Amino acid sequence: MTHKFTVNSEKKIYKCIPPEARGSYMGTIIEPEGYSEGDKPEWSCQLRWPKDDAASNTWVKEMGKLFMKVLIDKLGAKKAEALMKNPNLKIPLRDGDNEEREEYHGYWFMNVRNKFRQPVIVGPSGKAVPESMVTDDFIYSGAWYRAKLSFAYYDVKSKGIGAYIEILMKIRDDQRLDNVVDVGAAESEFAEFADPNAGFDGGDDDMFSDGSSKADTVAKPDDDDGFDFLK
């Protein structure tokens, strides 16, 4: 199974688990952020589906039917059909080839958010990830994810369908998109320059017999040396 839909017209429930997507702007899944001054911080990210993937393209076509269902259940068939043709209607799933930024080209993408709570985060095994592991080393832009999303019609300053994220599942790692160098990559980058016998790398050899760190002796100012502001 590549994707799954849950629809209940009576209760206005429209949910789906899309195919695997590459994540972007994942920092705000870890720490919520307000987009404008005075906004309540919210958790959010962007999901991108490759356009050359058959499963993603099949899902995109079915999403068009889901969006129409949301509008019909809210407005009736006649108004829904007219609104779907309105270019000002905001639909969350977008074609990256229509965007100016080249990073979107070749992808379908969707910005998703949660105003009320951090999405539940699970690992590849399907088990919930401990809070201590929810860091930018584990959840980052460039890795692959699945998500449970819900959709709802809104009519406030504009008309559209909102996309909301309830669960995020980390699938696998990939090259980071945020230019952050992880620990493994950093160590590999300097491997040819490293001295395996050198200290100050956090091991037991870097500790004095009293348990204090040898690194603590580096750059510590002496008393009355005129650099008290460094203490």
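**Figure 1. Contact range and element order in the protein chain.** Of the contacts (heavy atoms within 4.5 Å) in the protein chain between residues at least 6 apart in sequence, 63% join residues at least 24 apart. The model is predicted, and local features need pLDDT of at least 70, side-chain atom pairs count only at pLDDT 80 or more, and totals for chains, interfaces and linings use all residues. Residues are numbered from 1 along each chain as its sequence is written, and side-chain values use heavy atoms, with hydrogens and water left out. The protein chain has four helices and nine strands; these are DSSP runs numbered from the N terminus, helices being H or I of at least four residues and strands E of at least two. Read from the N terminus, the order of elements is β-β-β-α-β-α-α-β-β-β-β-β-α. Of the 231 residues in the protein chain, 33% are buried. Buried is under 20% relative accessible area, exposed is over 50%, and partly exposed is in between, with a 1.4 Å probe and protein chains only.

**Figure 2. The largest nonpolar core.** A nonpolar core is a set of buried Ala, Val, Leu, Ile, Met, Phe, Trp, Tyr and Cys residues joined through side-chain atoms within 4.5 Å. The largest one has 39 residues, and the members that touch the most others are Met63, Leu93, Met110, Ile139, Phe151 and Leu168. At least two residues of this core come from each of strand 2 (13–17), helix 1 (27–30), strand 4 (43–50), helix 2 (54–75), helix 3 (77–84), strand 6 (107–114), strand 8 (144–155) and strand 9 (159–172). Helix 2 gives the most, with seven residues. In soluble globular proteins, nonpolar side chains tend to be buried together. Not counting residues up to four places away in sequence, Ile139 touches Met26, Ile29, Ile30, Ile121, Tyr145, Leu168 and Lys170.

**Figure 3. Packing of helix 2 against helix 3.** The two helices pack at an angle of about 130 degrees, and their axes are 7 Å apart. Axes are lines fitted to C-alpha atoms, for helices over the stretch in contact, and angles run from 0 to 180 degrees between N-to-C directions. Helix 2 and helix 3 are therefore oblique to each other, given that angles under 35 degrees count as roughly parallel, over 145 as roughly antiparallel, 65 to 115 as roughly perpendicular and the rest as oblique. Their crossing is right-handed, a term used if the near helix is turned clockwise from the far one by less than a right angle, with anticlockwise giving left-handed. On helix 2 the contact is made by Gly64, Phe67, Met68, Leu71, Ile72 and Leu75, and on helix 3 by Ala77, Lys79, Ala80, Glu81, Leu83 and Met84.

Figure 4. His3 is in the segment before strand 1 (4–8) and is buried, with a relative accessible area of 16%. A polar contact is a pair of N or O atoms within 3.5 Å; within protein, one must be able to donate a hydrogen and the other to accept it, and residues adjacent in sequence count only if both atoms are side-chain atoms. The His3 side chain makes such a contact with the side chain of Thr2 (2.8 Å), and another of 2.8 Å with that of Glu62. Beyond four places in sequence, His3 touches Ile17, Pro18, Pro19, Ala55, Thr58, Trp59 and Glu62. Phe5, in strand 1, is partly exposed at a relative accessible area of 28%. With residues up to four places away left out, Phe5 touches Lys15, Cys16, Trp59, Glu62, Met63 and Leu66. Phe5 and Met63 are 58 residues apart in sequence, with a C-alpha to C-alpha separation of 9.3 Å.

Figure 5. Ser24 belongs to strand 3 (residues 21–24) and is buried, with a relative accessible area of 5%. Apart from neighbours within four places in sequence, Ser24 is in contact with Cys45, Gln46, Arg48 and Ser141. Tyr25 lies in the loop between strand 3 and helix 1 and is partly exposed, at 40% relative accessible area. Tyr25 is not a glycine, but its phi is positive, about 55 degrees. Most residues other than glycine have a negative phi.

**Figure 6. Lys12 in its loop.** Lys12 lies between strand 1 and strand 2. This residue also has a positive phi, about 60 degrees, although it is not a glycine. Lys12 is partly exposed, with a relative accessible area of 43%.
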